[in-house]
Amino acid sequence: IYYYYLMFFQKDITNALIGGSIMALASTLHLLVKGKITGISGACFRVVKGDNFYYNLSFLLGMVFVSATAKVFYGNSEVFEASSSYISDLSFLGFAISGFLVGFGTKLANGCTSGHGVCGLPRLSKRSIVAVHTFCLFGFIFATFRYYCPFLHRDFLSDIIPMMDYPIMFFLAFAVSIGGYIALVIILGSKKKWDEVRDITIAFAVGFLFGYGLLQSGMNCRHRVINFLVISSHWDCTLMFVLGSAVGINLITFNCILKYKSSPFYNKSFDLPTNTKVNVKLVIGAAIFGIGWGFAGICPGPAVLSSFAYLPHTLAFIGMMSFGQFCAFWSEGWIDKNLGGNEVFKIFKDN
């Protein structure tokens with residue numbers, strides 16, 4: 001009992017619980033105020049695609065702003081891994097490959113650790129339950145395999161593409177994120193679209209809070225995630241406490257909010273996922289995402305938070321993630337037609 005008492009109250013576990021609670025607060029407010037699910041992979045795809053552009057861009061700017069603020073004012077603190085450590089066991093090509101797999105998988109599965117994990121599990125969505133178990137399983141398998149059978153630690157690109165982790169980039173990200181939000185306010189305000197100004201302000205605040213929760217929990221440090229996914233004597237359990245606290249809180253708050261037929265604030269219907277079937281496409285997508293996640297220890301949220309750091313490796317990840325999402329988007333019809341994407345596992349259909 002004393003051992004578990006010490007483990008529970010050690011600093012990493014405490015930060016994990018606090019970070020998960022902050023993510024729960026952000027996603028709860030998002031559902032309560034806007035009736036929306038907080039899905040980061042979906043927000044990234046919609047920005048690139050230009051779908052509800054201002055809202056989703058403001059959400060991502062809020063995430064970058066809190067991350068850049070932490071980097072500018074606190075430097076290489078506990079919420080940021082040292083540059084040499086961040087790229088120590090993954091080549092430039094490895095970042096690109098894992099980014100593509102994460103993007104392709106999250107688009108096919110329609111969600112990642114935030115949409116399916118933090119927001120899907122509390123709603124008791126069968127799609128999210130299957131997706132989370134699938135991508136965790138494949139993440140564990142692939143990360144453990146790569147740990148004991150290392151590959152792509154270095155490649156020819158790693159030798160010719162240096163790390164450019166310059167402080168000027170942190171200040172630039174700080175200025176661009178807050179300046180971008182102000183520019184959106186000016187654009188919409190000049191058109192008298194005050195409702196949209198209100199909406200992008202909410203999106204920015206939610207992104208800020210959710211990003212802060214990720215930073216506080218330590219999930220921005222990719223080796224902490226890798227150490228969770230690798231089955232070894234040095235297994236790191238903190239991710240369990242992050243997800244446990246976020247899901248546990250949202251399990252209460254989400255179900256209280258969803259008792260209403262619409263958002264209590266704006267009297268609009270909840271913008272919940274409409275696809276309720278557990279199908280082949282979901283399982284394949286979650287598995288591919290799990291492999292990409294196990295490869296690098298990076299999912300869309302931390303990728304956004306680190307978009308201005310660890311350059312150009314993080315840019316390779318994000319660029320290939322976007323490319324992977326579009327490849328999945330273009331191939332969804334073929335997958336549905338040839339793999340029975342909408343005809344399998346009907347027994348798991350959500351209520």
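Let's start inside. Ala 68 is buried, at 0% relative accessibility; buried means under 20% relative accessible area, exposed over 50%, and partly exposed in between, with a 1.4 Å probe and protein chains only. Before I go on: this is a predicted model, where local features need pLDDT of at least 70, side-chain atom pairs count only at pLDDT 80 or more, and totals for chains, interfaces and linings use all residues. Residues are numbered from 1 along each chain as its sequence is written, and side-chain values use heavy atoms, without hydrogens and water.

Back to Ala 68. Find it in helix 4, residues 53–74. Helices are DSSP runs of H or I, at least four residues, numbered from the N terminus. What does Ala 68 contact, leaving aside neighbours within four places in sequence? Phe 170, Ala 173, Phe 174 and Phe 308. Contact means heavy atoms within 4.5 Å. Now look at Leu 305. It sits 237 residues from Ala 68 along the chain, yet their C-alpha atoms are separated by 7.9 Å.

Next, the largest pocket. It holds about 1,100 Å³ of space. Of its 40 lining residues, the closest to its centre are Ile 37, Asn 110, Leu 272, Pro 273 and Thr 274. Which helix gives the largest share of the lining? Helix 3, with 6 residues. Helix 4 also supplies at least two. A pocket here is an open set of points on a 1 Å grid where a 1.4 Å probe fits, with protein on both sides within 12 Å along at least five of seven lines; lining residues have an atom within 4 Å of a point.

Last stop, Met 164. It lies in the loop between helix 9 (156–160) and helix 10 (167–190). Met 164 is partly exposed, at 33% relative accessible area.

Note on methods: Points joined across faces, edges and corners; volume = space filled by probe spheres on them.
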